[in-house]
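This report describes the helical architecture and helix packing of a single protein chain. The sequence and structure are shown first, and the description follows.

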Amino acid sequence: MFRFAKEFEPGSEDLYQSERFMKHATGVIATVDTAVSMLGPDLDPLMDVLYELGKKHAQYGALPAHYAVVGRALIDTLQVAMGDKFTNEVKTAWARVYDILSTSMIEGAEEAYE
């Protein structure tokens, strides 16, 4: 996934080679997996987790613009991995999931910035 993110952010090649970043990338994938497994009629527990995660990311210096880069990379990665099964409907569903995830995290980050 982060191979695509590197394409969206020229000049960031050193970041993508670091061991710390690779550990973080693994965590991002695990978070997306957890978020998907928590989707259901009651999204409050998921929103709470994501909100707190956004606050934590603000402390690391993550900016709202970074979430769009990761979202684009996620969609591109899924498209490559799923091939023909990555229909417009699937793309829309994943975009909605990521929108929920990133919006909650950005809201948490904004509280931390204050």
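## Overall composition

Of the 114 residues of the protein chain, 30% count as buried, that is, under 20% relative accessible area; exposed means over 50% and partly exposed in between, with a 1.4 Å probe and protein chains only. The model is predicted, so local features need pLDDT of at least 70 and side-chain atom pairs count only at pLDDT 80 or more, whereas totals for chains, interfaces and linings use all residues. Residues are numbered from 1 along each chain as its sequence is written, and side-chain values use heavy atoms, with hydrogens and water left out.

The protein chain contains six helices and zero strands, giving the pattern α-α-α-α-α-α along the sequence. Helices here are DSSP runs of H or I with at least four residues, and strands are runs of E with at least two, numbered from the N terminus. Among contacts (heavy atoms within 4.5 Å) between residues at least 6 apart in sequence, 67% join residues at least 24 apart.

## Helix 4

Helix 4 comprises 16 residues (44–59) and should span 22 Å at 1.5 Å a residue; its end C-alpha atoms are 23 Å apart, which agrees. The expected span is 1.5 Å times one less than the number of residues.

L46, L50, G54, H57 and A58 are the buried residues of helix 4. They cover an arc of only 110° around the axis, which puts them on the same side of helix 4; the arc is taken from the directions from the helix axis to the C-beta atoms. The face turned away from this buried side carries the exposed residues D44 and Q59. After helix 4 comes G61, whose phi is positive, near 95°.

## Packing against helix 6

The axes of helix 4 and helix 6 (residues 88–113) come within 6 Å and cross at roughly 50°. This angle makes helix 4 oblique to helix 6; angles under 35 degrees count as roughly parallel, over 145 as roughly antiparallel, 65 to 115 as roughly perpendicular and the rest as oblique. Residues of helix 4 that meet helix 6 include L50, G54, H57 and A58.

Helix 5 (residues 64–82) packs with helix 6 at an angle of about 160°, their axes being 10 Å apart. The two helices are therefore roughly antiparallel to each other. In this contact, helix 5 contributes P64, Y67, V70, G71, L74, I75, L78 and M82, while the residues of helix 6 include W94, Y98, M105 and Y113.

Technical notes:
Axes are lines fitted to C-alpha atoms, for helices over the stretch in contact, and angles run from 0 to 180 degrees between N-to-C directions.
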